[in-house]
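I opened this notebook to record a few look-ups in one structure. The entries follow in the order in which I made them.

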Amino acid sequence: QVQLVESGGGLVQAGGSLRLSCGASGTFFNIRDMGWYRQAPGKQRELVATITSGGSTNYADYVKGRFTISRDNAKNTVFLQMNALKLEDTAVYYCNADVRLIYGNVRAYWGQGTQVTVSS
């Protein structure tokens, strides 16, 4: 079984910063792409950023230049540094990982989510 556990959410004023972390645990072969998604009340879950095992990154236009995704492959952990936060960044942030299991198949896993609230 594979588990993703997020941490680092909280309440911050507009213009402030937060750093999210997500660690994977369990039995698996390796982790391919990892990413962060978010879901605001009444809205669909949307992409924030992704990163490959080789470090290539992809960002949604609405976070480019403000958010930075990174990962530590040795610790099976992905990070999201969020700067210049805006009110519209308020959402539950979810970690996602494409995990290659020991039998060779790849399965997507999600974390439980961490709340990020940006206040004025």
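I looked up Ile31 and found that this residue counts as buried because its relative accessibility is 6%; buried means under 20% relative accessible area, exposed over 50%, and partly exposed in between, with a 1.4 Å probe and protein chains only. The model is predicted, so local features need pLDDT of at least 70 and side-chain atom pairs count only at pLDDT 80 or more, while totals for chains, interfaces and linings use all residues. Residues are numbered from 1 along each chain as its sequence is written, and side-chain values use heavy atoms, with hydrogens and water left out.

I placed Ile31 in strand E4 (residues 30-39); helices (H or I, at least four residues) and strands (E, at least two) are DSSP runs numbered from the N terminus. Beyond residues up to four places away in sequence, Ile31 touches Ala24, Ser53, Arg71, Asn76, Ala97, Asp98 and Val99, where contact means heavy atoms within 4.5 Å. I also noted Leu101, which is 70 residues from Ile31 in sequence and 8.6 Å from Ile31 in space, C-alpha to C-alpha.

The link is left-handed, with -80° about the S-S bond. Both Cys22 and Cys95 are buried.

Notes. Disulfide = S-S within 2.5 Å.
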